[in-house]
Amino acid sequence: MTEETATNETTPACKAPGATDEVIDVAVIGAGPAGLTAGLYAARAGLNAVMFERISPGGQLAQTEHMENYPGFPEGANGFELAFAMKQQADRFGVNHIGEEVLGVDFTQDPKVLKTAFNEYRAKSVIIATGARPRKLGLELEDELQGRGVSYCATCDGNFFRDKEVMVVGGGNTAAGDAIYLSRICKKVYLVHRRDKLRATAIYHKRLEDLPNLEFVWNAVPRKLVADEGKLAGVRVEVLTTGEERDIPVDGVFVAVGTEPNTEFLEGALTLDETGYVVADETGATDVPGVYVAGDVRTKALRQVVTAVADGALCAEEAAEYLAI
Ligand SMILES: Cc1cc2nc3c(=O)[nH]c(=O)nc-3n(C[C@H](O)[C@H](O)[C@H](O)COP(=O)(O)OP(=O)(O)OC[C@H]3O[C@@H](n4cnc5c(N)ncnc54)[C@H](O)[C@@H]3O)c2cc1C
């Protein structure tokens, strides 16, 4: 499969039959792994499942060159190809695709209303699967070096830096957890934090201090990514207390300064937690009956493909049960 073929195949040009006037059984917002799985399960249950996607199917998975931790692929999986296969599987059961961004919702009425720039759609149930995006450092070359030394996911990419020197940027639980995880794989880990102590819960502090291959770089912020032959070769950090600049040669930098959920379009329609993620119970049920949430956009402990697809399946089952009432 070439990228060109895949792009043509996945461009969601069609408008779903009955869009705007027909009431959709299950509207899925976002066609990443969570949404594609929700669509698959809903369509396979005989429901009219319509998926809204603002860019192209696959979500963050489609941007992942090589994924080593999705079960069933002993040699690892190409994220783009896996996303494409998920879409094909959903299509086989009749999921309809609408290539429009949902810009607003009204969950106070039944059917529920989804608004895009072009139409309003009505749906009996809604599964929100709009994912999240990692917060970036905002440095020059950051986008170009993503996948070439810059990573936003230690669990996903740590193994590519086995026995190498890496840096983790951040001071919260994710950064602390990432540093511990990477210390087991990498030769050396620099933990760069802009303050003189971590925000991470206390349990992490002692464990980090005990790591022989970890060096704290306190009161410091990355100022420049240094590249060599298209790959990351080091990071220049500024020590805020002295103004001194220090070049740290590393093969990888793991940015753990937070993630941002794609929930802007929800605007008061659902309960979000203090960081903007949709609050839901284990089944994906939100505080609005008939509205479910799956994948990275929901409150959860582990944001990975394997948990996103599980969420998608659960939400579709719950939606089917809701519609059967
Ligand atoms: C670089 C990188 C590497 C990763 N590597 C791994 C790995 O090795 N293993 C692993 O398990 N996980 C990995 N992850 C994490 C994994 O990709 C995510 O956990 C997973 O994709 C989440 O799936 P999702 O469906 O919840 O959200 P997403 O994949 O984020 O998909 C959400 C979709 O919703 C769409 N959308 C958003 N808002 C709207 C809207 N308003 N209207 C319509 N569409 C909308 C987006 O365009 C997107 O297509 C990686 C992530 C990144 C960024």
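Trainee: How many disulfides does the count come to?

Mentor: A disulfide is a covalent bond between the sulfur atoms of two cysteines. In this predicted model, Cys153 and Cys156 are joined in this way, with 2.0 Å from S to S. The cut-off for such a pair is 2.5 Å. By this rule the count is one disulfide.

Trainee: What is the handedness of the link of Cys153 and Cys156?

Mentor: The quantity to consider is the angle about the S-S bond, which is 65° here. With that angle, the link of Cys153 and Cys156 is right-handed.

Trainee: Why is the sulfur of Cys186 too far for a bond, and which residue holds the closest cysteine sulfur?

Mentor: A disulfide requires sulfur atoms within 2.5 Å. The sulfur of Cys186 lies 13 Å from the closest cysteine sulfur, so a bond is ruled out. The residue that holds this closest sulfur is Cys153.

Trainee: Is Cys156 buried, exposed or partly exposed?

Mentor: Buried means under 20% relative accessible area, and exposed means over 50%. Cys156 has a relative accessible area of 22%, so the class for Cys156 is partly exposed.

Trainee: Which residues around the ligand are the closest?

Mentor: The shell around the ligand holds 32 residues. By type they divide into 15 nonpolar, eleven polar and six charged. The closest are Glu53, Gln60, Asn69, Cys156 and Asp296.

Trainee: Which elements give two or more residues to the shell around the ligand?

Mentor: The elements that contribute at this level are α2 (33-44) and α8 (305-324).  The names asked for are therefore α2 and α8.

Trainee: How is the aromatic pair of Phe52 and Tyr121 classed?

Mentor: A pair of aromatic rings is described by the distance of the centres and the angle of the planes. A search of the whole structure finds four aromatic pairs. In the pair of Phe52 and Tyr121, the centres are 4.9 Å apart and the planes stand at 70°, which makes the pair edge-to-face.

Trainee: How many residues apart are Phe52 and Tyr121?

Mentor: Both Phe52 and Tyr121 are buried. Phe52 belongs to strand β2 (residues 49-52) and Tyr121 to strand β6 (residues 120-128). The pair thus links distant parts of the chain, 69 residues apart.

Trainee: Why does the pair of Phe216 and Trp218 have the class it has?

Mentor: Planes under 30 degrees apart count as stacked. The ring centres of Phe216 and Trp218 are 4.6 Å apart and their planes are at 10°, so the pair is stacked.

Trainee: What distance separates the C-alpha atoms of Lys231 and Gly149?

Mentor: Lys231 is in strand β13 (residues 231-239), and Lys231 is exposed at 54% relative accessibility. Along the chain, Lys231 and Gly149 are 82 residues apart. Their C-alpha atoms are separated by 6.1 Å.

Trainee: Which residue has the backbone oxygen that the side chain of Thr263 reaches?

Mentor: Thr263 is in the loop between β16 (259-261) and β17 (291-293). At 8% relative accessibility, Thr263 counts as buried. The side chain of Thr263 reaches, at 2.9 Å, the backbone oxygen of Gly276.

Definitions and conventions. Residues numbered from 1 in each chain as written. Predicted model: local features only at pLDDT ≥ 70, side-chain atom pairs only at ≥ 80, totals over all residues. Heavy atoms only, no water. Buried < 20%, exposed > 50% of the residue type's maximum accessible area, 1.4 Å probe, protein only. Near = heavy atom within 4 Å. Helix = DSSP H or I, 4+ residues; strand = E, 2+ residues; numbered from the N terminus. Nonpolar A, V, L, I, M, F, W, Y, C, P; charged D, E, K, R; others polar. Phe/Tyr/Trp six-rings, centres within 6.5 Å; stacked < 30°, edge-to-face > 60°. Polar contact = N/O pair within 3.5 Å; in protein donor to acceptor, adjacent residues only side chain to side chain.
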